[in-house]
Every structure is written in C-alpha cells, then in structure tokens.
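Here is a briefing on helix packing and nonpolar cores. Please look over the sequence and the model before reading on.

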Amino acid sequence: RKCLPKNQATLVALVVGILYRIDSMQLNILDMLKNYYPNEDTTISYPKFTNEWLVPFVDVINYLAFGQPYEEYSQPKAQSNDQLQKDIEIICRDIIRKINTAKCDDKDCLLTLCNGLVYSLKISDNILIKVAYLGLINSLDLYKINCDEELDEILSILKIYGVL
C-alpha cells in the first residue's frame, strides 16, 4: 500500500498535482481509485480517498493559512434537516427548468449535479454538500447557464442552516 508523504509541502504539492490532473481530465479519478484501492469498490474507495488524501490536505492548508487544523464536519445545525432539503429542492427545480430550456450539450450532467446536491442533503455530510454545491456552480458557469440568483439563494440557505 502506498503512503502519503509526511512532509507537509510534499503533501500539498502531490494533492494539488492530482487535483489539477483530475480537473484538466489528464487523470480519471475512477482509474486512480482502482489503482490505489484495487480491492475496493468505488463506493468504498471514494470516501477512503477523501478521508486519507483530501482531509489531510485540507488540514495542512488550513494550518498554513489560519494556524489551526480543519474543524471536523458536522451535521447541519438546523433543528430539522427536512426543511433545509425542501428549501433547496424548490430552488433546484428552478435551476432544472433553466437547464432544460438552455441550449446545452450536456444537460444530463447538469441535471445529475443538481440532483446530487439534493441527495447530498439527505446524507447530511457538510463536506459532501459543499462539494456538490461547488460542482453545480462551476458546471453551470462552464455551460454558461445563468442561475446566479438561485445559487445565491442556495448559498444563503446553506449559511442559515450552518452548512457553510
């Protein structure tokens, strides 16, 4: 089994390099997961990758930037996660309407990202919710679909519920 570097600068360089290669499509994350975790299904290897690679990376970045490690993620602070889900689902329906009326080659990808945000709320993992939200923002921007009002509203709701 391969090990992450113990040197913080090397860890940051390695993870930034990997994330860059994944983002620029030079590296397929599924292939990397199969290589690094050959005996695991991707549903198991992806959370392992997140916990073993990304969380230490975030800890180092936060320590360098703020002088303290990353705070553990928590459940949303709302009394009821149900209301959070309902509020976001309503806004996501508006985003889905815009996606469906837009001239876009990859509507399925955008719809999956929108549904992924809603699904991440059901899991109640703040890190996953943040990743889903950022993925949706970046993808809508990539395909030039203007949902700024909806995204601002989602951001406000996530802040109110203590997710961000």
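**A buried serine and its surroundings**

Serine 120 lies in helix α5; helices here are DSSP runs of H or I with at least four residues, numbered from the N terminus. This is a predicted model, in which local features need pLDDT of at least 70, side-chain atom pairs count only at pLDDT 80 or more, and totals for chains, interfaces and linings use all residues. Residues are numbered from 1 along each chain as its sequence is written, and side-chain values use heavy atoms, without hydrogens and water.

**Serine 120**
- Serine 120 is buried, at 1% relative accessible area (buried is under 20%, with a 1.4 Å probe and protein chains only).
- Beyond its neighbours within four places in sequence, serine 120 contacts Asp125, Leu128, Ile129 and Ala132 (contact: heavy atoms within 4.5 Å).

**Nonpolar cores**
- The largest nonpolar core has 27 residues (a core is a set of buried Ala, Val, Leu, Ile, Met, Phe, Trp, Tyr and Cys residues joined through side-chain atoms within 4.5 Å).
- Helices α4 (81-101), α5 (107-123), α6 (126-142) and α7 (148-160) each supply at least two residues of this core.
- Ile88, Ile95, Leu117, Leu140, Ile154 and Leu158 have the most contacts inside the largest core.
- A second, separate core of 13 residues includes Val12, Ile18, Tyr37 and Phe49.

**Helices α6 and α7**
- The axes of α6 and α7, lines fitted to C-alpha atoms over the stretch in contact, come within 11 Å and cross at roughly 170 degrees.
- The two helices, α6 and α7, are therefore roughly antiparallel (angles over 145 degrees, on a scale from 0 to 180 between N-to-C directions).
- Ile129, Tyr133, Leu136, Ile137 and Leu140 of α6 meet Leu151, Ile154, Leu155 and Leu158 of α7.

Notes. Buried means under 20% relative accessible area, exposed over 50%, partly exposed in between (1.4 Å probe, protein chains only). Angles under 35 degrees count as roughly parallel, over 145 as roughly antiparallel, 65 to 115 as roughly perpendicular and the rest as oblique.
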